[in-house]
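Try each task before reading the solution.

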Amino acid sequence: LGRTPATFDIDLHIEYPFDLRRGVRAVVMADLFNVLNSQSPVGYDNYLELGHNDPNPDYGAITAYQAPRSARLGLKMLF
């Protein structure tokens with residue numbers, strides 16, 4: 001019955017390259033996901049009945065939220 005509310009994420013990617021020696025380059029990277037830490041519902045229980053004439057007491061309950069803020073660090077070596 002209806003749609004889930006609109007959701008959005010803001011993600012950031014930062015990288016910094018530098019030379020280690022001739023012919024070898026390193027890149028340090030950082031990713032930040034869901035910067036604003038939005039945790040809106042993205043899933044609801046859509047089953048009106050569990051079986052024949054057996055109402056579902058959890059109908060319409062939230063089953064999933066947006067993933068919380070997370071980060072990832074990385075190092076890339078280029079030869």
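**Exercise 1.** Work out which residues N56 is in contact with, leaving aside its neighbours within four places in sequence.

*Solution.* Keep in mind that you're looking at a predicted model. Start by placing the residue: N56 sits in the loop between β5 (54-55) and β6 (62-65). Next, list its contacts beyond four places in sequence: D45, Y47, L48, E49 and L50. Now zoom in on one of these, Y47: its backbone oxygen is 2.8 Å from a polar atom of the N56 side chain. That falls within the 3.5 Å limit for a polar contact.

**Exercise 2.** Decide whether N56, N34 and N37 are buried or partly exposed.

*Solution.* The cut-off you need is this: buried means under 20% relative accessible area, exposed means over 50%, and partly exposed is in between. Take N56 first: its value is 9%, so it counts as buried. N34 has 3%, so this residue is buried too. N37 comes out at 31%, so it's partly exposed.

**Exercise 3.** Find where N34 and N37 lie, then check the phi angle of each.

*Solution.* Look at the loop between β2 (24-33) and β3 (41-44), where you'll find N34. N37 is in the loop between β2 and β3 as well. Then read off the backbone angles: phi of N34 is near 55°, which is positive although the residue isn't glycine. For N37, phi is also near 55°, again a positive value in a non-glycine residue.

**Exercise 4.** Say in what order the strands of the three-stranded open sheet come, and why one side of β1 and of β7 has no neighbour there.

*Solution.* Trace the sheet across: the order is β1-β2-β7, and the pairing is antiparallel. From one strand to the next, the twist averages 15°. Finish with the β1 to β2 pairing: nine bridges join these antiparallel strands.

**Exercise 5.** Compare the radius of gyration of the protein chain with that of a compact globule of 79 residues.

*Solution.* First, the build: the chain has seven strands and zero helices. A compact globule of 79 residues would come in near 12 Å, but this chain has 22 Å. Then check the box filled by the C-alpha atoms, roughly 75 × 25 × 15 Å along the principal axes. Last, look at burial: 14% of the 79 residues count as buried.

Note on methods: Residues numbered from 1 in each chain as written. Predicted model: local features only at pLDDT ≥ 70, side-chain atom pairs only at ≥ 80, totals over all residues. Heavy atoms only, no water. Helix = DSSP H or I, 4+ residues; strand = E, 2+ residues; numbered from the N terminus. Buried < 20%, exposed > 50% of the residue type's maximum accessible area, 1.4 Å probe, protein only. Polar contact = N/O pair within 3.5 Å; in protein donor to acceptor, adjacent residues only side chain to side chain. Contact = heavy atoms within 4.5 Å. Pairing = 2+ DSSP bridges. Axes fitted to C-alpha atoms, helices over the stretch in contact; angles between N-to-C directions. Rg over C-alpha atoms; globule rule 2.2 N^0.38 Å.
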